[in-house]
Amino acid sequence: MVATTGTSLPSTLTAGKLPKMVPLYVLLGALAVVTLVFVLMGAPNVAGILVVGVIVYGVALYVLSLAIEGSRKAKDRLVTILVVSAFLLALIPLISVAVTTAINGAARFDVPFFTESMRNVVGAGGGALHAITGTLLITLATAIISIPIGILTAIYLVEYGRGALARGITFLVDVMTGIPSIVAGLFAYALLSLFLGPGIRLGIGGAIALSVLMIPVVVRSTEEMLKLVPNELREASLALGVPKYLTIIKVVLPTSMAGIITGSMIAVARVIGETAPLLLIAGYTQSMNYDLFSGRMMTLPVFVYNQYAIQGVDSQAYTDRAWTGALALILIVMALNLIARLVAKIFSPKIAR
């Protein structure tokens, strides 16, 4: 029998490894030291403390891990810190915009704002019902124009496209992806002016302008989703004697439907906030207009621009309406994305468990 002592040897599985809580303690210690240094310098700054504290934390944890765990684990911890820090840094503008818009937009987030227009309103009061209606109608028309064209173009490029024609379409899609939004507005204005004369302002013109911006996004997203469909599914369908067009309709599209819907909603979110082309071709009005083919039509981006840039005597009322309009636009985009997630979940292929 070997006598045992009160102390036990460390396990070989945990030897040379930092305890789980050490990174947290190092982070808190680094923030405390940096805060003390900033206070002693007489310049306490929250942003500066966080940035310098994270840098000190990364260096300290790297050195500690290098001494105990070795260079491989130390590098892993350092890269993890860099990735998490970059992620949090990218979230700061998003959170800042959302919080600022919510705080400032709450001043006019009331029933009249969503049930009244700006017709005959000077100063306080009024609402953005005409702008919300115009945004929904123009966005709906844009989706009706863009989504079928984009999906059919992507199907051609992935399933049929070969040779110079396919390369030319791909090149044009790449060019359209990068054109400025004002160019799309000028295109729609020039197109309608050829048929209806100069000075034309129509809601459908705004839909045409936004379609120029939306189509390449739909093409690119749909193309990538179609490429993710395994070729084995296509080959199995064709081997059973199913025509290619039916294989695309019954096999390829249902398999990639969730991604196509998500990409289409991303394209909608990309164009719903455009101001320049709508200001140019759709114009602006203070009254309700439900007809895309008759008269000017107000949209939320143009409403926000007008309320902020062209203020009356009661400037605070105009600023409050601008912030609330921006908040309403963000909420509409969020609602569209939630609907897209729901639709994608419903129509995505069910995998047997």
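**Domain, cores and pockets**

Author: Over residues 132–340 the chain is 78% helix and 0% strand, with end C-alpha atoms 20 Å apart. The model discussed here is predicted.

Reader: Which annotated domain does UniProt list for residues 132–340?

Author: The UniProt entry is unreviewed. For residues 132–340 that entry lists "domain: ABC transmembrane type-1".

Reader: Which residues touch the most other members of the largest nonpolar core?

Author: This core has 53 residues. Among the elements that give two or more residues to it are helix H5 (129–160), helix H8 (203–227) and helix H12 (300–309). The members with the most contacts to other members are Ile138, Met214, Leu226, Leu300 and Phe303.

Reader: Which residues does Met214 touch, not counting those up to four places away in sequence?

Author: Met214 is one of the core members that touch the most others. Leaving out residues up to four places away in sequence, the contacts of Met214 are Thr142, Ala143, Ser146, Ile147, Ser264, Ala267, Val268 and Val271.

Reader: Which element gives the largest share of the lining of the largest pocket?

Author: The largest pocket has a volume of about 620 Å³, and 23 residues line it. Helix H1 (22–41), helix H2 (46–68) and helix H3 (71–105) each give two or more residues to this lining. The largest share, eleven residues, comes from H3.

Reader: How many residues of that lining of the largest pocket are charged?

Author: Leu50, Val54, Ile81, Ser85 and Leu88 lie nearest the centre of the largest pocket. Its lining divides into 18 nonpolar residues, three polar and, as charged residues, two.

Reader: How many nonpolar residues line the second largest pocket?

Author: The second largest pocket holds about 290 Å³ of space, and its lining has 15 residues. H5, H10 and H13 each give two or more residues to this lining. Leu140, Ala143, Met265, Val268 and Leu336 lie nearest the centre. The lining includes no charged residues and two polar ones, and its nonpolar residues number 13.

Terms used:
Residues numbered from 1 in each chain as written. Predicted model: local features only at pLDDT ≥ 70, side-chain atom pairs only at ≥ 80, totals over all residues. Heavy atoms only, no water. UniProt positions renumbered as here; feature names shortened; annotations may be inferred. Helix = DSSP H or I, 4+ residues; strand = E, 2+ residues; numbered from the N terminus. Core = buried A, V, L, I, M, F, W, Y, C linked by side-chain atoms within 4.5 Å. Buried < 20%, exposed > 50% of the residue type's maximum accessible area, 1.4 Å probe, protein only. Contact = heavy atoms within 4.5 Å. 1 Å grid on protein atoms, 1.4 Å probe; cavity = no way out; pocket = protein on both sides within 12 Å on 5 of 7 lines; lining within 4 Å. Points joined across faces, edges and corners; volume = space filled by probe spheres on them. Nonpolar A, V, L, I, M, F, W, Y, C, P; charged D, E, K, R; others polar.
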